[in-house]
Amino acid sequence: MTVRLVVGLLMTAAAFGLAGRRLLTLVRLGRRGQAVEPGRTADVGSRVRAEVVEVLGQKKLLKWTVPGIAHVLAFWGFILLMLTLVESYGALFDREFHIPIIGTAAWLGFLEDLVAVLVLVSVVIFSVIRLVHSPGREGRSSRFFGSHVDAAWLVLFMVFNVVWSLLLYRGAQVNTGVFPFDSGAFASDWVASLLEPLGQEANELIETAAILLALGVILAFLVLVVHSKHLHIITAVFNVAFSRRPRALGALLPVHSDGKPVDFEDPGESDLMGRGKIEDFTWKGLLDFATCTECGRCQSQCPAWNTGKPLSPKLLVMDLRDHALAKAPYLLATSEEERAALPEPQRAQAERPLIGTDGAAGVIHPDVLWSCTTCGACVEQCPVDIEHIDHIVDMRRHQVLVEGEFPESANPMLRNLEHAGDPWGRGSGARMEWAAGLPFEVRVLGADGGERIPDDVDYLFWVGCAGALDDKAQRTSRAVAELLHEAGVSFMVLGKAETCTGDPARRLGHEFLFQMLAQQNVETLNAAGARTIVATCAHCFNTLANEYPQLGGHYEVVHHTQLLAKLVADGAIRPVAPVDATITYHDACYLGRHNRVFAPPRDILERIPGARVAEMPRTKEQSFCCGAGGARMWMDETTGQRINENRTDEALALQPDIVTAACPFCIVMLTDGVTLRQQQGQAPENVEVIDVSEVLRRSIRTSGAPAHTTPTAEGTPL
Amino acid sequence: VQQPPEPKESFVAEVLVLVERTDGGVRKATLELLTLARRLGEPAALLCGPTDEATTGVLGEYGATKVYVAEGGELEDYLVVAKVDALVAVVRQSVPAAVLVTSGPEGREVAARSAVRLDSGIITDALDVEPGDGGPVVTQSVFSGSWSAQSQVVRGTPIIAVRPNAVSAQPAPQQPVLVAVPVAFGDAAQGARVTNRTAKTSTGRPDLADARVVVAGGRGMGSAEAFQLVERLADTLGGAVGATRAATDLEWYGRDYQVGQTGKTVAPELYIAGGISGAIQHRAGMQGSRTIVAVNKDPKAPIFAICDFGVVGDVHTVLPALVEEIETRKKGTARPSGPSQD
């Protein structure tokens, strides 16, 4: 007994020492991060709910059924096996220890054994998944590509060891008569029946050896956990608690320095503009990196990774974590002398640029940083609520605002936004071209001398740059205008007073330009007394609804598909003329994933007589980006397959007559893809790409012929 | 406040032009600046680096009455700042009425740095420069061509960066006087050193950004081979070749020749668009063109809403016919009345 106790306690002390030292280093490293922006602890109710749903309920893991169930087994298994840990530690002091009150009940013995067996089952499932989807077999398309595969196998092996050593101990206990349960513990009883022939003495010996083995294994596991990606079993609880609620999608956060928003009118001398060094991240950022389990669900959905580009959200987070840990000795050194005394490789970490090419020993390659479309598929998937997009945009902000380093092809967009207020440089004079040829007058704010939106106006129609200037989006604008007119909804537009909302500038990282444009728009909208706004562009919609409140612009913003769906449901718009076509709908990331508007566009299509709606395999929350988000619309895409072609092929596989979307940029990208495939002879000539509203308009016309298919712009350049 | 000219009988103020050189010659944009400078006063040129008779000859032919020559290793081996040192030295010595540089990456930076050093006003992206009371009046196109702005520099020596193709270069032969300028190069002159120069493989065509004529092809060309039609037409007109993003994505033509939102922005006198639908992303790169001619088989293509002259037809028949007609007219001096092009 004494041997047991002494060895057991010594092992425990050693393991707690090793693990504690590591945890202390990690906590100190986390504290080197920036202060987090306010609001991370606000709304405690939703945070508690997140812990219940995401941690205890494992909701995000269960998005994938088989791996999800395996994880539920392992997670709940380990929580319940804590009971056996209590029993084991008790037995160090008293061989016949049992948990008070319930400690000898048969159901508890059964539960503990059942859980142990189920954990073994989960190990088998995980092993099969890892064998079938190993990077060796599947290469880049494996979600484990680039993960620390050996460490993951070691973790599985250790879980296996935890269970068999526990059962060995319990089996021996049964035979030596110190087992707390007379019945119920079926697995322990079975092991006991195997050990019984060895005799009483051997079983006594096995009992002592096995309890030390079982404790040793679990203590070794603890040390392994804090030194590996398995750290998530500790950090995920905190990461979920402090993550953005309801999710890190929709709005981007303003630039924060030292936990306070940077005032772009008069920035402080030492204000950080984004993240240029690993220690520029907030402690929540560093916690994100530490929590990544390398599961690769993000990678499996990423449009950049799936089309052969170097960005994988998982590898990005892993690279940042590995760098943070490698730079830790430098960051945690308390004096310059201590730093100078560090070995060369550790000091070299301090010299590495956060963003840089391989030649410059950069932590993140610029091509990785600029490949992101901010589609949010990674954030949507991440079971531990890592905020990939925020980190990527923060690094872009530093590159743009401090280094002035970004893809050259984005330059004209920025210049045009500054000079002309739209990305193409057409200027405010062209803003009303879209309305030419409409059979009614579109009311423009200020046209009759009034400075405020009159009370009889139901909606301010935010046309958007694309809606005003892009040929196809102009048709959408006209369709929406006609439908609203038809339904008796009165609306008004800003005309020349509208400028780009700033979305592409913000997603590129040019926060300064975003603030300029956004401020101007908020002033215009507030001066006009705007209350309800309808927008056709998913990006405008997101910015107006979610980001303008940051600048004091609070409006009720709806997307045109929401408004039209309501008008159809209310009977104000009656789709009567059949549209005999197979139609598929592509979810815009900034409408769907970022803003959860999934149903309205589908509701509209379902109501159209004759329309056969077909869903693509990747749809709604798992929809695949068109390639235009994150200011990618304005950059060259030269690596790998073009994202829009990937998505177009998915749509064309349904053999649709019409591919619909509800965002002008998706329409541009998909049109491009369909035109290309038509030219290559891989798509029928009749396939067209149009907005949902245009399909609806066709259905309210009995004549059949759409009114405005030819460009009506009369203007010629100077 | 503009420096008053020296009180002297029949004094004509000097207008200084910063010469941009090409391999063994002078950029056409510089000759345009000399032509502009004649409107404002007596053109003088600043030549950086070793000089030769051919170079000064060309400058004289286009009206330079004086050529300041600044020499020094810094000017050849280092970027921008050495030229600023030279320009500032000449301006301090000769007090010109204005300084004209070409509005390009280097010209604009030299202009900006010189303006700071001289405490002078600066205007970039000028499309025209006219003499006026109290100094040159500069025209700029703003808000993507929807407005034109006239402005004057009211402080120091006006430094004006003029876009290429603002005027056409006119010869006005002079015998230039060569003046050597001693330049004291500052430390900053050695800030960015040129380590290597690789000549770009020449196509024999003018640079896309400078060209007076651009012939561009789009998806409607149908194949990489069909771009030979575009090249032939460009060569017939002495123009450059451009392509849409769709065409460069399909690898029908080099990415360096992409015109549009994510490619080059061009503003030639004549832009011929073959098989280009005219989506706004393309339009963003060529909307400043003076005359736009479009050939497309789709009468609904948006390009027809912005072109000055449109042909609904197949590029594969229209372009060869156009080349043939131009060739015929070039050969025969007569035939004044062919198919109307007015």
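Two strands are taken to pair when DSSP finds at least two bridges between them. With that in hand, the reader can turn to chain B of this predicted model, where nine strands form an open sheet in the order 9-8-7-10-6-1-4-5-11, with mixed pairing. At the edges of this sheet lie strand 9, residues 147-152, and strand 11, residues 177-181, each of which pairs on one side only. From one strand to the next, the twist averages 40°.

Two helices of chain B pack on this sheet, and they may be taken in turn. Helix 1, which covers residues 28-40, touches strand 1 (14-18), strand 4 (42-48), strand 6 (98-102), strand 7 (122-130) and strand 10 (159-162) of chain B, and its direction makes about 170° with that of strand 1 of chain B. Helix 4, made up of residues 81-94 of chain B, also packs on the sheet, where it touches strand 1, strand 4, strand 5, strand 6 and strand 11 of chain B, and the direction of helix 4 makes about 145° with that of strand 4 of chain B.

Strand 5 of chain B, residues 66-70, runs parallel to strand 11 of chain B and is joined to it by five bridges; in strand 11 of chain B, V177(B) is the bridge partner of K66(B).

Chain B also meets chain A, in a contact that takes 36 residues from chain A and 28 residues from chain B. The size of an interface is often given as the accessible area lost when the parts come together. Here chain A and chain B bury about 2,600 Å² between them, with 48% of that area on carbon and sulfur atoms. Three salt bridges are found across the interface of chain A and chain B, and R642(A) forms a salt bridge with D249(B), in which the closest N and O atoms are 3.2 Å apart. Eight residue pairs are counted in polar contact between chain A and chain B, with both residues at pLDDT 80 or more. On the side of chain A that touches chain B, helix 19 (411-420) and helix 28 (664-679) of chain A each supply at least two residues, and the largest share, six residues, comes from helix 19 of chain A.

A last stop is T176(A), which is found in helix 6 of chain A, residues 149-176. T176(A) has a relative accessible area of 12% and therefore counts as buried, the cut-off being under 20%. Leaving aside residues up to four places away in sequence, T176(A) touches R95(A), Q200(A), N203(A), E204(A) and E207(A).

Terms used
Residues are numbered from 1 along each chain as its sequence is written. Chains are lettered from A and ligands numbered from 1 in the order in which they are written. This is a predicted model: local features need pLDDT of at least 70, side-chain atom pairs count only at pLDDT 80 or more; totals for chains, interfaces and linings use all residues. Side-chain values use heavy atoms; hydrogens and water are left out. Helices (H or I, at least four residues) and strands (E, at least two) are DSSP runs, numbered from the N terminus. Axes are lines fitted to C-alpha atoms, for helices over the stretch in contact, and angles run from 0 to 180 degrees between N-to-C directions. Contact means heavy atoms within 4.5 Å. Buried means under 20% relative accessible area, exposed over 50%, partly exposed in between (1.4 Å probe, protein chains only). Buried area is the accessible area (1.4 Å probe) that two parts lose on being put together, summed over both. A salt bridge is a side-chain nitrogen of Lys or Arg within 4 Å of a carboxyl oxygen of Asp or Glu. A polar contact is a pair of N or O atoms within 3.5 Å; within protein, one must be able to donate a hydrogen and the other to accept it, and residues adjacent in sequence count only if both atoms are side-chain atoms.
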